[in-house]
Structures are given as structure tokens and as C-alpha cells.
Amino acid sequence: MDTPPVRHSRIWVVGFGAVGQWLLTALHAHAERLAARYGVAISVVGLANARDGFVCDPDGLDLPAVLKAASAGSPITQLPGVQRWPDAIVGLRATQADILVEVTASPAAGGGEPGLSHIRDALGRGIPVVTSNKWPMALHGVELAALARGHGVPLRAESTVMSGTPLLSSLVDGLAGAVPVGLRGVLNATANAILTAMAAGQAYPDALADAQRSGLAERDPSADVDGPDSVAKVMILSALVFGRQLRREQVACRGIGDIDPALVEQARTTSSRLRHLATLEFTGPDGTGRVTASVAPVLLPGDDRLAAVTGTDNAVVCRLNPVGEVTIIGPGAGPRLAGQGVFSDLIAVARQRA
């Protein structure tokens with residue numbers, strides 16, 4: 001039996017934090033498996049971070065050398081034989097690759113930059129994009145999806161919601177043709193773990209401190225416990241699943257830091273459960289009409305599907321016509337899981353090119 005041909009893809013990786021480093025480690029460790037099982041070979045020809053700018057080797061960067069430099073805290077510009085540019089967008093425009101992997105930190109306060117410009121530039125050149133970058137997709141998801149369609153290239157963002165759990169691909173590709181009309185979800189692992197601990201009797205400050213000590217919660221936990229992270233995910237789901245762009249102010253938001261003690265006691269002593277619930281509803285049977293979107297702590301009945309989602313798990317219950325309710329549950333936190341989501345998207349795009 002003939003061995004199927006292996007299709008080579010050259011990629012840029014823009015953003016070299018925990019997710020980017022995990023991805024490069026996986027690409028190096030699984031190179032033979034990618035060729036044997038998926039028929040793809042992936043070489044990294046460009047790499048960028050905020051500190052050092054952009055480096056490129058058209059023949060492929062030496063991944064062990066790159067990872068060694070990262071471990072030592074050395075600048076990527078010291079890698080042997082690389083070309084250098086002062087920042088990512090200049091380097092992207094001066095070089096060529098087959099796929100962009102965009103994994104920078106691009107906050108809402110900056111309008112989703114610099115990731116937004118990187119993604120726009122690649123899609124505008126007909127280059128597929130894989131990203132874990134939430135705010136560019138939250139603030140401009142409909143525009144970017146249309147740009148990708150207009151140039152006939154994939155845009156995949158699985159890691160932006162529920163990390164490595166295949167949520168977006170399931171709802172967009174796996175249920176293609178069905179019409180989404182609404183969803184409810186538990187979208188932040190940190191908030192859910194804290195509420196699970198509170199249901200077991202811990203006070204909020206103690207549960208938050210435990211989450212920080214374990215590395216689950218950041219030193220500044222506001223993005224998780226106050227709700228902006230879940231707001232971004234609601235906006236991404238609206239853009240990529242429903243095709244409707246929301247503004248931040250359209251998603252009502254309340255955090256978990258000032259929950260009524262009576263609700264906490266009720267969750268602790270009954271079968272009801274407190275969840276930081278994200279909701280997205282459209283009037284009309286075809287997913288059009290007025291939108292209602294929110295993120296808030298809600299007391300759910302014990303038999304609600306989302307009441308059973310505990311710890312760092314996330315879940316979404318999506319209603320679609322004519323299917324009905326589809327529930328997707330899985331882990332939703334950590335750079336390893338986010339990296340896995342990016343890795344899966346990258347393999348899918350490389351196979352699609354083949």
C-alpha cells in the first residue's frame with residue numbers, strides 16, 4: 001500500500017508566552033506522528049514576541065534551540081542565522097508563510113491590538129489564521145470571519161472559548177445547517193472552581209486565595225471573578241456561532257465577589273447550585289431579532305445540566321433548530337489546554353491545505 005504524501009506547511013507563530021511555547025514543544029515532539037497520522041509536516045519559519053520583535057528563517061527555525069532560549073530567558077534575536085525585524089507586523093509583511101498562529105496578549109483596552117492587526121493582515125493576504133486571542137475575536141469576530149470567507153481561507157479560534165474542548169468546531173462545523181437560537185454556559189474555570197469551593201463551605205476570600213495559590217487564579221483575578229473573560233467568550237460565541245457582532249456594553253455583567261450570602265447558604269444546604277452563568281438569547285426562531293446577553297451569578301436547580309458542572313470544567317448548552325439542545329462539557333483552563341486547542345486547529349488547517 002502506497003504511503004500517502006506528506007504536505008508541508010510553513011507557519012509564523014506570533015506570541016511566545018506559555019501557549020506559544022507549549023505549541024512549539026508539541027510540534028517538535030510529535031513531528032513524526034503528524035506526518036504518519038495526518039499527512040502533514042509543519043515547520044516554524046517566523047517567531048515573534050513583544051520584547052524582541054520578529055525573527056525569521058525561511059528554512060525553518062531550530063525548535064530545540066528556540067525552546068532552550070525561552071527556558072534561559074534569552075532573546076530570540078540571538079538565535080543563529082535568523083533575519084530580524086523590530087516588531088511582528090513589519091516582519092509578517094516582509095516574509096512569507098502558509099499559516100499564521102496568533103497567540104499574543106491583546107487586551108480589550110487596546111481594542112484587541114496587536115493581535116487584530118496581525119490577523120487582519122494575514123487574512124487580507126489569503127493566509128489562514130489559527131488564534132487563541134480572545135479580544136480580537138470578541139470585538140471583531142464577524143468582520144474577521146467575513147474577511148476569511150472572502151479570501152477563501154480558514155479562521156479557527158477554538159482556544160478562545162473552553163480552551164482545548166472542541167466547542168466552536170462542533171457548533172459551527174459539526175452542526176452546519178442547524179440554526180442556533182440561544183445558549184447558556186459556564187465559561188470561566190476560575191469562577192466555577194471558586195463557586196464550587198464556596199458550595200462546600202469556604203468563604204469567598206478563602207476560595208479565591210486557594211485558587212491563586214494553586215495557580216488557577218491570577219494575582220489580579222479581576223478578569224475571571226468580575227466577568228470580563230466570560231463577556232469576551234459570549235461575544236465570540238455570538239460572532240462565530242450566531243454571526244452577530246456584539247459590543248461590550250450589550251453584555252450585562254456582574255461578578256462573583258459580592259453574591260448575596262443567602263444564595264450561598266441556599267447552594268450549600270440544598271440541591272441548588274450557584275453558577276456564573278453566561279446567556280445569549282435572540283428573539284425569533286431563526287436566531288435573528290433582539291439580543292439579550294448577560295454574565296451573572298445565578299442559582300440553578302439541582303437537575304439543571306449546568307448545575308452538575310463543577311471545579312474547572314466548563315459547559316455550554318446550545319439550542320438549535322431543528323436539533324434541540326446540545327450540551328458540550330470539558331475542561332476550560334490552563335496554557336496546556338489552550339495550547340492543545342491551537343495545536344488541533346493548526347493540524348486541521350494544515351490538513352485542509354493538503
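**Entry 1: a pair across the sequence.** I began with D304, having noted that the model is a predicted one, and found that D304 makes a salt bridge with R184, with 3.0 Å between the closest N and O atoms. I then looked up where the two partners sit: D304 belongs to the loop between β11 (291-300) and β12 (313-321), while R184 is part of strand β8 (residues 179-186), so the bridge ties together parts that are 120 residues apart in sequence. R184, at 21%, counts as partly exposed. The search over the whole structure returned 15 salt bridges, and I followed up some of them below.

**Entry 2: a pair within a helix.** I next turned to E265 and R268, whose side chains meet in a salt bridge with an N to O distance of 3.1 Å. Both residues lie in helix α12 (residues 261-269), where they are 3 residues apart, which is about one turn of the helix. E265 is partly exposed at 36% relative accessibility, and R268 is likewise listed as partly exposed, with a relative accessible area of 44%.

**Entry 3: strand to loop.** I then looked up E325, which forms a salt bridge with R305, the closest N and O atoms being 3.6 Å apart. E325 lies in strand β13 (residues 324-331) and R305 in the loop between β11 and β12, so this pair ties together parts that are 20 residues apart in sequence. I found E325 to be partly exposed, with a relative accessible area of 42%, and R305 to be partly exposed, with a relative accessible area of 43%. I also noted a network in which R93, D121 and R125 are joined through salt bridges that share partners.

**Entry 4: the second largest pocket.** I asked which residues come closest to the centre of the second largest pocket. Its volume is about 520 Å³, and of the 21 residues that line it, A145, L155, V172, D173 and L240 are the closest to its centre. I traced the lining back to its elements and found that α6 (134-150), β7 (155-156), α7 (168-174), α11 (228-242) and α13 (335-353) each supply at least two residues, with α6 giving the most, 5 residues. By residue class, the lining divides into 12 nonpolar, 4 polar and 5 charged residues.

**Entry 5: nonpolar cores.** I went on to the largest nonpolar core, which has 54 residues and in which V234 and L280 have the most contacts. Helix α11 provides the largest share of this core, 8 residues. For L280 I looked up the contacts, leaving aside residues up to four places away in sequence, and the list runs to G182, L183, V234, L237, S238, F242, L246, V291, T292 and A293. Apart from this core lies another, of 33 residues, among them L24, A26, V66 and L79.

**Entry 6: a serine in α11.** Is S230 buried or exposed? I looked this up because S230 is found in helix α11, and at 1% relative accessibility S230 counts as buried. Beyond residues up to four places away in sequence, S230 touches L187, N188, H276 and V295.

Definitions and conventions
Residues are numbered from 1 along each chain as its sequence is written. This is a predicted model: local features need pLDDT of at least 70, side-chain atom pairs count only at pLDDT 80 or more; totals for chains, interfaces and linings use all residues. Side-chain values use heavy atoms; hydrogens and water are left out. A salt bridge is a side-chain nitrogen of Lys or Arg within 4 Å of a carboxyl oxygen of Asp or Glu. Helices (H or I, at least four residues) and strands (E, at least two) are DSSP runs, numbered from the N terminus. Buried means under 20% relative accessible area, exposed over 50%, partly exposed in between (1.4 Å probe, protein chains only). On a 1 Å grid over the protein atoms alone, a cavity is a set of points where a 1.4 Å probe fits but cannot get out, and a pocket is an open set with protein on both sides within 12 Å along at least five of seven lines; lining residues have an atom within 4 Å of a point. Grid points are joined across faces, edges and corners, and a volume is the space filled by probe spheres set on the points. Ala, Val, Leu, Ile, Met, Phe, Trp, Tyr, Cys and Pro count as nonpolar, Asp, Glu, Lys and Arg as charged, and the others, Gly among them, as polar. A nonpolar core is a set of buried Ala, Val, Leu, Ile, Met, Phe, Trp, Tyr and Cys residues joined through side-chain atoms within 4.5 Å. Contact means heavy atoms within 4.5 Å.
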